[in-house]
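Trainee: Please take me closely through one part of this model, the pocket lining, and then go on to the charged pairs and the helix packing that you would read alongside it.

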Amino acid sequence: MTLPTGTRRVFICGSALRGQPDHGNLQGAKFIRPAITQPRYRLHAAGEAWHPAIYEVETGGISIVGEVYEMQSSEFDYLANNEPPHMYPTDVYLEDGEVATAFFYPQELIEKFNWVDISHLGSWIAYKNSLA
């Protein structure tokens, strides 16, 4: 797959999904498709359930449901500047073999703060719905 110059594919799995409060942080990014990661990740609720926190594991991983967007560099920069502290962009491996960019949270900080592991739910939306 060849992307237009100056763009990248980004996997979104939290508060910037369609219908979620931070969706505007994607600005004019083009929705490509729903997506699921390979089962290589853990999903936690950061802080007081204000944001998802994901990281990669060697064993015990799950697949996470999300969406793929195509972003211009300026849209990606805006999103990156509006992510919570400590989040960083890295590769995420999707079920169909595509590699996109996602924002991860350092596992050591998740463990330090003992944030709730919501991996069994498989998605941020399922978690938010479980709180309703």
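**The pocket lining and its surroundings**

Mentor: Strand E4 supplies the largest share of the lining of the largest pocket, namely 4 residues, where strands (E, at least two residues) and helices (H or I, at least four) are DSSP runs numbered from the N terminus. Keep in mind that this is a predicted model, in which local features need pLDDT of at least 70 and side-chain atom pairs count only at pLDDT 80 or more, while totals for chains, interfaces and linings use all residues. Residues are numbered from 1 along each chain as its sequence is written, and side-chain values use heavy atoms, with hydrogens and water left out.

The volume of the largest pocket is about 210 Å³. Of its 19 lining residues, those closest to the centre are Gly14, Ser15, His51, Glu83 and Met87. A pocket here is an open set of points on a 1 Å grid over the protein atoms alone where a 1.4 Å probe fits, with protein on both sides within 12 Å along at least five of seven lines, and a lining residue has an atom within 4 Å of a point. Grid points are joined across faces, edges and corners, and the volume is the space filled by probe spheres set on them. At least two lining residues come from each of strand E1 (7-12), strand E4 (51-56) and strand E7 (99-104).

In one of them Glu70 pairs with Arg9, the closest N and O atoms being 3.8 Å apart. Since Glu70 lies in strand E5 and Arg9 in strand E1, the pair ties together parts that are 61 residues apart in sequence. For Glu70 the relative accessible area is 15%, and leaving aside neighbours within four places in sequence, its contacts (heavy atoms within 4.5 Å) include Leu3, Pro4, Lys30 and Glu75. Glu70 and Arg9 also belong to a network of salt bridges that links them with Arg33, Asp96 and Glu98.

A further salt bridge joins Arg42 and Asp117 at 2.8 Å, N to O. With Arg42 in strand E3 (residues 41-46) and Asp117 in strand E8 (residues 116-117), the pair ties together parts 75 residues apart in sequence. Arg42 is buried at 19%, whereas Asp117, at 29% relative accessibility, counts as partly exposed.

Finally, consider helix H1 (residues 73-81), in which Glu75, Phe76 and Leu79 are buried. They lie on the same side of H1 because they cover an arc of only 100° around the axis, the arc being that of the directions from the helix axis to the C-beta atoms. Their cover includes E1, E5, strand E6 (88-93) and E7, while the face of H1 turned away from the buried side carries the exposed residues Ser74 and Asn81.

Conventions. Buried < 20%, exposed > 50% of the residue type's maximum accessible area, 1.4 Å probe, protein only. Salt bridge = Lys/Arg side-chain N within 4 Å of Asp/Glu carboxyl O.
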